[in-house]
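Let's look at a protein model together and ask how its parts touch. Have the sequence and the 3D view ready.

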Number of protein chains: 2
Amino acid sequence: MDSDKSHIDETTPRTHPRARRRTRQRSVIQRVLLEANRPLTPQDILLAAQARAPGLGIATVYRTIHTMMTEGTLVAVGIPGEAARYETAGKEHHHHFQCRECDGVFDIQGCPTDDLVKLAPKGFRLESHQVVLYGVCPPCTGMPA
Amino acid sequence: MDSDKSHIDETTPRTHPRARRRTRQRSVIQRVLLEANRPLTPQDILLAAQARAPGLGIATVYRTIHTMMTEGTLVAVGIPGEAARYETAGKEHHHHFQCRECDGVFDIQGCPTDDLVKLAPKGFRLESHQVVLYGVCPPCTGMPA
DNA sequence: ATGCTATTAATAAATCGCTATCAGAAAATC
DNA sequence: GATTTTCTGATAGCGATTTATTAATAGCAT
């Protein structure tokens, strides 16, 4: 019984669980993130998920975020001066737009990568970049969604 | 005594002083910011300034930052996931590079503004933008400064 | 169904960045 | 140099975000 586990190579030291379980809370949070199609704050996630999983706690949101980040199914999106937001991994290279009215962050496509690469001065090894556009989103300009 | 002040129009409600004094601490902090030529965190400022003003406290750094921001001689620079940094105002439009080794932030010149403007999707009113390049700075690549 | 254990909700507590407080130090003014 | 009032340093406090704790709940394998 006990010797059966002795050969298991724990190369991935898990902070949390060793065998994942499919819980209602986790499913709902994952669905919220998938359907949002834009980066959400932990609070955003909590609010949206509580509609489908009453009683959901903020700690579970953070735990699920960690789990998904570890799995590689979620990535953090940082916006200057803001708490981290999270969006599903696997999207193609893109950047973000933040509305100064509602503070919402939206995905935008396209990127003048070549032009940005040229900005790196001599001696600086460029590895990645990030663009954030600021302004007002359609709903906040009075336009219908 | 009291009536003398009654005619003063306090249109600018000062959080802090009304008549600035030239103190050693303030001079040193301002010099640090001017000579840095790149955005510094309050902690950066504190460390650099303490060399020239022993005993300098963090509160004074924050106070001076506020004072200078109010004066318009300092602007805040936000880097995703980082505390605010500050650099002297008046520079022309530019962006920043952050070293993932030392976390230092450096000014870079040039900006493909036209290309970035095109990224804003229909219905989004673009007002400003920010570019952050990530990589390794010259000193951290082993190169001499 | 039962048992094992991952998971959860609630909440306490730790961080972090920044601000307020206040007595003493030090500019500016006389 | 004495006076006045700003300025400073030390530290407590605050708001926001994130993590740890813990007893109870609920997947999942048997």
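Predicted model: local features only at pLDDT ≥ 70, side-chain atom pairs only at ≥ 80, totals over all residues.

Student: Which domains does the assignment give for chain A?

Tutor: Domain bounds come from an automatic or database domain assignment. For chain A it gives domain 1 (1–91) and domain 2 (92–145).

Student: How much area do domain 1 and domain 2 of chain A bury between them?

Tutor: Buried area is the accessible area (1.4 Å probe) that two parts lose on being put together, summed over both. Carbon and sulfur atoms carry 51% of it here. In domain 1 of chain A, Arg38(A), Ile79(A) and Lys91(A) lose the most, together 48% of what that side buries. The total for the two domains of chain A is about 910 Å².

Student: Which residue does the side chain of Lys91(A) meet in a salt bridge?

Tutor: A salt bridge needs a side-chain nitrogen of Lys or Arg within 4 Å of a carboxyl oxygen of Asp or Glu. Between domain 1 and domain 2 of chain A the count is 1 salt bridge. For Lys91(A), N and O lie 2.7 Å apart, and the partner is Asp107(A).

Student: Now the two chains: how many residues does chain B give to the contact with chain A?

Tutor: Contact means heavy atoms within 4.5 Å. The area buried between chain B and chain A is about 2900 Å², with 66% from carbon and sulfur atoms. Chain A gives 35 residues, and the number from chain B is 35.

Student: Which residue of chain B forms a salt bridge with Arg100(A)?

Tutor: Across the interface of chain B and chain A there are 2 salt bridges. In one of them, the closest N and O atoms are 2.4 Å apart, and the partner of Arg100(A) is Glu127(B).

Student: What is the bridge partner of Val131(A) in β5(B)?

Tutor: Strands (E, at least two residues) are DSSP runs, numbered from the N terminus, and two strands pair if DSSP finds at least two bridges between them. Strand β5 (residues 125–136) of chain A pairs with β5(B) in the antiparallel sense over 11 bridges. Val131(A) has as its partner Val131(B).

Notes
Residues numbered from 1 in each chain as written. Chains lettered and ligands numbered in written order. Heavy atoms only, no water. Helix = DSSP H or I, 4+ residues; strand = E, 2+ residues; numbered from the N terminus.
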